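Hi everyone, thanks for coming. Please have a look at the picture on the screen, and then I'll walk you through a few parts of it.

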Amino acid sequence: MEQNPIQCASCAHADASHGHEMCISIVPIFNHLEERELREIVRTVVPRQVKRGETIYSAGETSDRLYIVHKGRVKIYRLSENGKEQLVRILGPGDFTGELAVFNETVHDSYAEALENTELCTLGREDLQAFLLKYPTISLRIMDEFARRLGQSEKQAASFATEPADTRIAMYLAERADAANSKVVRLPMTRKDLASHLGTTPETISRKFAEFEDAGWIRQNGQKEIEILDMDALLLI
């Protein structure tokens, strides 16, 4: 039996709306809201799908939307004057970028690129500002995220200034293991991006991993998986 086109369209719309609601509900700045409040926000969401390697926004472009990752991963990076890439962070489902658009019209100072096929939910600045006035707790959640990112940036800057590369690499593995509550660390990025994130080179990353493995501290299972065999040794580097 053939389906009624109108019913099919309604089903598709319902599926899309459900996807947007799921997207909004996993974001820390929104997940404390009541269901009816979430649905109000969902009605303003504009979906966007990007393919692996596609640029979502570039430095210098107007920042007028909040981008929420529904599925996939996005890397945020800057380019130095000599064109060297500096990784800022990796975003996964529930993470967001473009939050400065909430407060004023500005331009992006970084680039956002999809690391894999990615689904985004986006909200325009005017809609965001309206929701901030209506639901002030959203502002507090955004400020919490700002504080968390500032803390990470300061910690990273201090590490670059005072710690050698092998210490930064070892601490990164230890922190990933602690966050996952597992001795098996799944690297969320390529070694090139990891090198950029830790302020070193891909060659140094590979060399230090090999040295750690030779010492019996870790075991490499392919390019992305690291099993930590001696956490105490890593923490003493």
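Before we start, a word on naming: helices (H or I, at least four residues) and strands (E, at least two) are DSSP runs, numbered from the N terminus.

Now, what are we looking at? This is a predicted model, where local features need pLDDT of at least 70, side-chain atom pairs count only at pLDDT 80 or more, and totals for chains, interfaces and linings use all residues. Residues are numbered from 1 along each chain as its sequence is written, and side-chain values use heavy atoms, with hydrogens and water left out.

Let's take the overview. The chain has eight helices and 13 strands. Of its 237 residues, 39% are buried; buried means under 20% relative accessible area, exposed means over 50%, and partly exposed is in between, with a 1.4 Å probe and protein chains only. Next, contacts, meaning heavy atoms within 4.5 Å. If we take the contacts in the chain with a separation of 6 or more, 69% of them are between residues 24 or more positions apart.

Back to helix α6, residues 191–198. Is α6 largely enclosed or largely open? Seven of its eight residues are buried, so α6 is largely enclosed by the rest of the structure. Those buried residues are Arg191, Asp193, Leu194, Ala195, Ser196, His197 and Leu198.

Let's zoom in on one of them. Serine 196 sits in helix α6 and is buried, with a relative accessible area of 10%. Not counting residues up to four places away in sequence, serine 196 touches Glu85, Gln86 and Leu87.

Now for helix packing. Two packed helices are described by the angle between their axes and the distance between the axes. The axes here are lines fitted to C-alpha atoms, for helices over the stretch in contact, and angles run from 0 to 180 degrees between N-to-C directions.

Helix α6 meets helix α7, residues 202–214: their axes come within 8 Å and cross at roughly 100°. The two are therefore roughly perpendicular to each other. For angles, under 35 degrees counts as roughly parallel, over 145 as roughly antiparallel, 65 to 115 as roughly perpendicular, and the rest as oblique. On the α6 side the contact is made by Arg191, Lys192, Leu194, Ala195 and Leu198, and on the α7 side by Pro202, Ile205, Ser206 and Phe209. Sorted by class, that contact has six nonpolar residues, one polar and two charged. For the classes, Ala, Val, Leu, Ile, Met, Phe, Trp, Tyr, Cys and Pro count as nonpolar, Asp, Glu, Lys and Arg as charged, and the others, Gly among them, as polar.

Helix α7 has another partner. Helix α5, residues 165–180, packs with α7 at an angle of about 70°, with the axes 10 Å apart. That makes α5 roughly perpendicular to α7. From α5 come Ala165, Asp166, Ile169, Ala170 and Leu173, and from α7 come Thr204, Ile205, Lys208, Phe209 and Phe212. This contact has seven nonpolar residues, one polar and two charged.

Moving past α5, look at the loop between α5 and β11 (184–186), where you'll find asparagine 181. Most residues other than glycine have a negative phi. Asparagine 181 has a positive phi of about 55° although it is not a glycine. At 72% relative accessibility, asparagine 181 counts as exposed.

Finally, the spaces. On a 1 Å grid over the protein atoms alone, a cavity is a set of points where a 1.4 Å probe fits but cannot get out, and a pocket is an open set with protein on both sides within 12 Å along at least five of seven lines; lining residues have an atom within 4 Å of a point.

Which residues line the largest cavity? They are Ile56, Tyr67, Val69, Val74, Leu91, Thr97 and Leu120. By class, that lining has six nonpolar residues, one polar and no charged.

The second largest pocket has a lining of three nonpolar, two polar and seven charged residues. Among its lining residues are Arg52, Arg73, Lys75, Glu113, Lys192 and Asp193. Both β9 (111–114) and α6 supply at least two residues each to that lining, which brings us back to our helix.
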